[in-house]
Amino acid sequence: MKNMTKTSKDNLTTILMIVAVYVIVMILRSAGLINSQMDGLLVPLCVYATMAVSLNLVVGILGELSLGHAGFMCIGAFASAFFSKVFEQSMGVFPRFLFAILIGGLVAGIFGFLIGIPVLRLKGDYLAIVTLAFGEIIKNLMNVLYVGRDANGLHFSLKDAASLGMAEDGELIINGPLGITGTPFDSNFTIGFVILLLSTVFVLNLINSRHGRAIMAIRDNRIAAGSVGIPITRFKMFAFTVSAVIAGCAGALYSHNLSSLIATPARFGYNMSILFLVFVVLGGIGSTRGAIIASIALTLIPEVLRFMADYRMLIYAIVLIVMMIVNWNPRSRAWIQAHSLTKLFRRKEGS
Amino acid sequence: MALLEISSLSIQFGGLRAVDDFNLTVEKGELYGLIGPNGAGKTTVFNLLTGEYKPTEGVILLDGVDITGKSTIEINRAGIARTFQNIRLFRQLSVLDNVKVGLHNQYKYSAFSAVLRLPSYFSTEKQMNEKAMELLSVFKMEGEADTISANLPYGKQRKLEIARAMATNPKLLLLDEPAAGMNPHETQELMDDIRYIGENFGITLLLIEHDMKLVSGICEKLTVLNFGRILTQGDTKEVLGNPEVIKAYLGDD
Ligand SMILES: Nc1ncnc2c1ncn2[C@@H]1O[C@H](COP(=O)(O)OP(=O)(O)O)[C@@H](O)[C@H]1O
Ligand SMILES: [Mg+2]
């Protein structure tokens, strides 16, 4: 059972890594060594890293290919921003943002649960296609959703602002393709760090528990998992819903960092979902730490290499294909295992 | 009352009646063998018993309780566990974790205590580790607890499957060709292990096997299947002396 201590050491390393990055950034910042461009990236970095943790739970741990994770982030972003707009005047900043994050997570979680019911009955490619469609539907829905508020309460429409039928003094909160403007800027790097840290601890603790083992058992062999009495549907739903909740919280962090929240393809479309998938795959499918590192690297590198921006998606696609081949080809996996550093060291110890 | 009572069990795949009018009674504590040529329908019987397939006809009673048509999960909870002819391990998990997945329904704590690492998490995990190590020690595999199960040699993978099935605390354990791919030495070890399990864990065993040395060495009773139908059943010696059985086997070879 060295195993136990090894995994807990591994988890501790991941957590310390996140804390260390935070501390270093805070020191650099107070020393004035972070330019405004970098500073503007800090919250998105936390958002993407949290998304990587979230998607890794579905792709790496549950073993289902979800291509619609930007959809859950989108739901969290809009639900939380909506909440903050409604309660902008009536609540203090801190409790309001805390509730906004919880609501972002909750609403995304409810959607995750509802979508999981039909989707998780599908397998492999079908699941990937349906989740892809879900992400696109959510994004498009947000572009035609109008919500306003007047003395009579809330008004909803999927047509236009006029058909809300609001009173003169009514206030438009979600304005179709123009989205939500004027969400309070409640996000900051420290809150982003806390959300990332909590999500990571949550997921790591979950993985190393009877629940996590059940989820991984389903991933490795569904029939065998059923034969030892693991309730398969329940654990698939559980993992999917938890992942959606985390994505929703990341969405809340995201929306409170934008002056205008619009469901553009660049922010919530399938390219974004694919980008999250690249984080997970590049991080070594199933490794939470790897996913976080990949998300940070892939967010920073394009900023540094701005001149290559045009080729970004192309490079991601190539990375994705190469990693998939390397990861899922039994021969290359065997090669990696045989040539891994730990194995080399162990052999030396043995001789 | 018998532990397992199967009456007139049948399943049809298209035009093929893979199992036809199958009857079997296994008493508590027995070591029972199911044999027959390839394609006779033996694995299909296991799949019917564990709810993987739903029977076209027939009734299955476990300890007097009707489990016909129940789900795999309900049937495992009712007390049947199995191994697979083509090994099905949780390949990316360690040997220890494979067994601990088997303990899932025996040792519980909430997801809440897992995430917050409450004391119940630590105490239950400790008990699970002890129980899993105890099961691994039956097969002298304590030393491999941390090995990723996919990296185990073939014979040990088969043993790990048995340990994992035992972890669910079954009344009846179904072993599908447990000695397949093992060398004579490993097979001998396996025979001793199976006997040990039958005697010390209060588990009744029903096993499919081609290795006649193993079958005649440990099974008290046998049922012979051929083309989905029972050829004969009874005490091992009598069955193996039956000319029809010899013919069915020679015909297959
Ligand atoms: N799911 C299935 N669909 C169609 N035919 C099946 C299925 N499962 C088993 N069979 C057929 O049933 C017969 C018995 O197979 P099986 O029980 O695996 O034999 P064995 O005695 O070698 O274990 C074979 O002819 C096999 O092709
Ligand atoms: Mg078979």
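B:G198 lies in helix 7 of chain B, which spans residues 184–200. The model is predicted. Within chain B, B:G198 and B:E30 are 168 residues apart in sequence. In space, the C-alpha atoms of B:G198 and B:E30 are 7.8 Å apart. Neighbours within four places in sequence can be set aside. B:G198 is then in contact with two residues, B:I203 and B:L205.

Ligand 1 is surrounded by residues of chain B. The shell includes B:F13, B:L16 and B:A18. A run from B:P37 through B:N38, B:G39, B:A40, B:G41, B:K42 and B:T43 to B:T44 also belongs to the shell. Helix 1 of chain B gives the largest share, with three residues. By residue class, the shell around ligand 1 divides into six nonpolar, five polar and one charged.

Several polar atoms of the shell lie beside oxygen atoms of ligand 1. At B:G41, the atom concerned is a backbone N or O, and it lies 2.9 Å from a ligand oxygen. At B:T43, a polar side-chain atom lies 2.7 Å from an oxygen atom of ligand 1. For B:T44, the distance from a polar side-chain atom to a ligand oxygen is 2.5 Å. Taken alone, ligand 1 exposes 560 Å². The protein buries 63% of that area.

The size of an interface is often given as the accessible area lost when the parts come together. Between chain A and chain B, the buried area is about 3,100 Å². Carbon and sulfur atoms give 57% of it. The contact takes 33 residues from chain A and 38 residues from chain B.

Side chains of opposite charge can pair when their charged atoms come close. Between chain A and chain B, the count is one salt bridge. B:E125 forms a salt bridge with A:R213, and the closest N and O atoms are 2.9 Å apart. Polar contacts across the interface of chain A and chain B join 15 residue pairs, both residues being at pLDDT 80 or more.

On the side of chain A that touches chain B, six helices of chain A give two or more residues each. They are helix 1 (2–30), helix 6 (189–207), helix 7 (210–220), helix 8 (222–227), helix 9 (232–255) and helix 14 (330–339). Helix 7 of chain A gives the most, with eight residues. The residues on this side of chain A divide into 17 nonpolar, ten polar and six charged.

Over all chains, the structure holds 22 salt bridges. One of the salt bridges is formed by A:D186 with A:R96, with the closest N and O atoms 3.0 Å apart. A:D186 lies in the loop between strand 4 (180–181) and helix 6 of chain A, and A:R96 lies in helix 4 (residues 93–119) of chain A, so the pair ties together parts that are 90 residues apart in sequence.

Technical notes. Residues are numbered from 1 along each chain as its sequence is written. Chains are lettered from A and ligands numbered from 1 in the order in which they are written. This is a predicted model: local features need pLDDT of at least 70, side-chain atom pairs count only at pLDDT 80 or more; totals for chains, interfaces and linings use all residues. Side-chain values use heavy atoms; hydrogens and water are left out. Contact means heavy atoms within 4.5 Å. Buried area is the accessible area (1.4 Å probe) that two parts lose on being put together, summed over both. A salt bridge is a side-chain nitrogen of Lys or Arg within 4 Å of a carboxyl oxygen of Asp or Glu. A polar contact is a pair of N or O atoms within 3.5 Å; within protein, one must be able to donate a hydrogen and the other to accept it, and residues adjacent in sequence count only if both atoms are side-chain atoms. Helices (H or I, at least four residues) and strands (E, at least two) are DSSP runs, numbered from the N terminus. Ala, Val, Leu, Ile, Met, Phe, Trp, Tyr, Cys and Pro count as nonpolar, Asp, Glu, Lys and Arg as charged, and the others, Gly among them, as polar. A residue is near a molecule or strand if one of its heavy atoms lies within 4 Å of it. Accessible areas come from the Shrake-Rupley method with a 1.4 Å probe; for residues, only the protein chains shown count as cover.
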